[in-house]
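Here is a short note for a colleague with the coordinates open. Please read it alongside the display.

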Amino acid sequence: FNMNGGNQGAQVVHDGSLADKCRRVADDLRDLSLILSRRTANNAVTIPSNQPGPLVFNVVTKDADGFAFFTVPNGDSVFHNRNVQQIELKNDQVKASVIVINVPGKSVTFDGGNIVGSLTQLETRSRVLFNFYEAEQVIMKRNFMGALLAPLAVVQTDAN
């Protein structure tokens, strides 16, 4: 390998404890995902079912810690639903500090609809966490906005 572009002064350090640190971080992320998945949704999501339309995460309440929680029926109802033309977040007048969207399902493919509106803005998407707590495989075919937590999954993306 090439350190420091082949220039002098680069130093390689071997940290024998790195494997243990990585295991602890992975365990902590799995624990966090499971804890978040068990929280009761305190907001509602509108999912189009009979004809094409927007999927709307409507933020109207937050808990004492400032968290807004959503739970969708399954990943395909949001990300692989041919009736979902767009995915958006609305009415965050409560200014939730974190918006958690719990997404069940072992395999999720995001190939339907586009993320639009405030979810495309850095200030909003930096507060949104999509928690794929059961997923073993997540495939992204469209641009994704927000943080993705999928500690059990292999994530593949063909987009941003």
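This is a predicted model: local features need pLDDT of at least 70, side-chain atom pairs count only at pLDDT 80 or more; totals for chains, interfaces and linings use all residues.

1. Sheet order. Four strands form an open sheet. Their order is S1-S2-S4-S7, and the pairing is mixed. Strand S1 (44-46) and strand S7 (114-115) are the edges. Each has a single partner strand, so one side of each lacks a neighbour in the sheet.

2. S2 and S4. Strand S2 (residues 53-58) and strand S4 (residues 84-90) run parallel, joined by six bridges. Then go to Val56, which stands opposite Glu88 in S4.

3. S4 and S7. This pairing is also described as parallel, and it spans two bridges. Here Gln86 stands opposite Asn114 in S7.

4. One ring pair. How are the rings of Phe57 and Phe70 arranged? Their centres are 5.1 Å apart and their planes lie at 80°. Planes over 60 degrees apart count as edge-to-face, so this pair is edge-to-face. Phe57 belongs to strand S2 and Phe70 to strand S3 (residues 67-71), so the contact ties together parts 13 residues apart in sequence. Are these two residues buried or exposed? Both Phe57 and Phe70 are buried.

5. A search of the whole structure gives nine aromatic pairs. Ring pairs join Phe57 and Phe70 with Phe79, Phe110, Phe130, Phe132 and Phe144 in a cluster.

Key
Residues are numbered from 1 along each chain as its sequence is written. Side-chain values use heavy atoms; hydrogens and water are left out. Two strands pair if DSSP finds at least two bridges between them. Rings of Phe, Tyr and Trp (its six-membered ring) pair if their centres lie within 6.5 Å; planes under 30 degrees apart count as stacked, over 60 as edge-to-face and the rest as tilted. Buried means under 20% relative accessible area, exposed over 50%, partly exposed in between (1.4 Å probe, protein chains only).
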